[in-house]
Amino acid sequence: MPPLKAWRLTELGGGLVEQTADEISLRLLPGSASVYHDAQISDYSADSRDFNNAPPLRLEVRARVSGEINGTAGFGFWNQAFVPGERGFRLPQALWFFFAGPDNDIALAKGLAGNGWKAATFNAKNWRFYALLPCAPLGFLLMRSRPLYDALWPLGQAAIGVSEAALDPTLLAEFHNYSIEWRGDGATFTIDGDVALRTRTVPRNRLGFIAWIDNQYAIVKPQGRFGHGLLDIAQEQSLHLRDISITPL
């Protein structure tokens with residue numbers, strides 16, 4: 001596994017990044033919701049967003065968590081669509097294993113809860129999204145009808161490039177082997193060699209690697225409900241990573 005000095009470290013609020021002989025620990029110490037708490041490693045500059053990773057490649061990570069995650073955590077690839085506390089927003093693109101605590105409600109995959117432990121992709125930077133964007137205000141109203149949501153939201157989900165699979169949250173308590181095989185025409189997510197998600201909905205441009213744990217929450221629903229904020233950290237929570245590797249295919 002690359003040494004800690006090979007990564008760009010972010011430690012905000014009560015966030016700490018530490019390395020022992022065999023693992024990197026991303027820790028959040030107890031703290032209030034008045035401050036953004038974040039511990040993360042990445043392989044890109046947050047200022048320039050000079051991303052290094054493009055398909056075909058494979059990411060492999062052994063990971064577990066300790067404590068109850070209040071905000072979000074995960075690892076994988078994204079385009080740093082936003083930074084909490086900063087202005088500016090990019091159309092999000094991501095392939096990652098993502099955990100959203102119970103205060104989150106990012107309900108963009110039809111039939112799946114808006115929180116929990118997931119394998120997921122997001123690729124709003126595509127022609128379908130731009131084509132449907134002028135219809136968004138009307139679409140939010142239509143999605144409030146259950147029959148119309150059932151009939152029409154698959155089009156919206158395809159437009160924002162969302163593909164998700166819910167994972168067993170009990171996996172988080174112990175180390176497991178996670179991998180993402182990212183190719184130009186799709187991606188395969190596995191856990192201990194078993195396929196968790198296979199999808200053709202993927203970004204094709206360069207993205208940055210990130211692993212993080214923080215205290216934020218977000219609400220994003222097809223019915224036009226949006227929100228975000230920060231959460232108290234009552235007890236220490238952490239993400240532990242081993243054997244991180246990114247290799248070309």
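**Entry: the sheet of β8, β15 and β16**

I began with the open sheet of three strands, which run in the order β8-β15-β16 with mixed pairing; here strands, of at least two residues, are DSSP runs of E, numbered from the N terminus, and two strands pair if DSSP finds at least two bridges between them. The edge strands are β8 (105–106) and β16 (226–230), each of which pairs on one side only. I then followed β15 (residues 216–220), which pairs with β16 in the antiparallel sense over five bridges, and I noted that Val220 has Phe226 in β16 as its bridge partner.

I note for the record that this is a predicted model, in which local features need pLDDT of at least 70 and side-chain atom pairs count only at pLDDT 80 or more, while totals for chains, interfaces and linings use all residues. Residues are numbered from 1 along each chain as its sequence is written, and side-chain values use heavy atoms, with hydrogens and water left out.

I next listed the pairings of β5: with β11 (residues 176–183) the sense is antiparallel over seven bridges, and with β17 it is antiparallel over nine bridges. Arg62 has Asn177 in β11 as its bridge partner, and Glu60 stands opposite Ser245 in β17.

**Entry: backbone geometry**

Most residues other than glycine have a negative phi, and most peptide bonds are trans. I therefore looked up the departures from this pattern. Pro55 and Pro56 are joined by a cis peptide bond with omega of about 5°, and Pro56 is placed in the loop between β4 (38–42) and β5 (57–66).

Asp192, which is not a glycine, has a positive phi of about 55°; I find Asp192 in the loop between β12 (186–191) and β13 (194–199), where Asp192 counts as partly exposed because its relative accessibility is 39%. Asp243, also not a glycine, has a positive phi of about 50°, but Asp243 lies in strand β17 (residues 237–248), and at 44% relative accessibility Asp243 counts as partly exposed.

Ser25 lies in strand β3 (residues 24–28) and counts as buried because its relative accessibility is 9%. I found a polar contact of 3.2 Å between the side chains of Ser25 and Glu23; the term covers a pair of N or O atoms within 3.5 Å, where within protein one must be able to donate a hydrogen and the other to accept it, and residues adjacent in sequence count only if both atoms are side-chain atoms. Not counting residues up to four places away in sequence, Ser25 touches Leu16, Val17, Glu18, Leu239 and His240, contact meaning heavy atoms within 4.5 Å.

Asn70 is in the loop between β5 and β6 and is partly exposed, with a relative accessible area of 21%. Leaving aside neighbours within four places in sequence, I list Gly101, Asn104, Leu231, Asp232, Ile233 and Gln237 as contacts of Asn70. Asn70 and Ala124 are 54 residues apart in sequence and 26 Å apart in space, C-alpha to C-alpha.

**Entry: cavity and pocket**

I took a cavity as a set of points, on a 1 Å grid over the protein atoms alone, where a 1.4 Å probe fits but cannot get out, and a pocket as an open set with protein on both sides within 12 Å along at least five of seven lines, lining residues having an atom within 4 Å of a point. Grid points are joined across faces, edges and corners, and a volume is the space filled by probe spheres set on the points.

By this rule I count one cavity of 30 Å³ or more, and the largest cavity has a volume of about 30 Å³. The lining of the largest cavity is Val65, Ala73, Gly74, Phe75, Phe99, Trp117, Leu172 and Leu239, with the largest share, three residues, coming from strand β6 (residues 72–78).

The second largest pocket holds about 190 Å³ of space, and its lining residues include Asn123, Asn126, Arg128, Arg200 and Arg204.

Technical notes: Helix = DSSP H or I, 4+ residues; strand = E, 2+ residues; numbered from the N terminus. Buried < 20%, exposed > 50% of the residue type's maximum accessible area, 1.4 Å probe, protein only.
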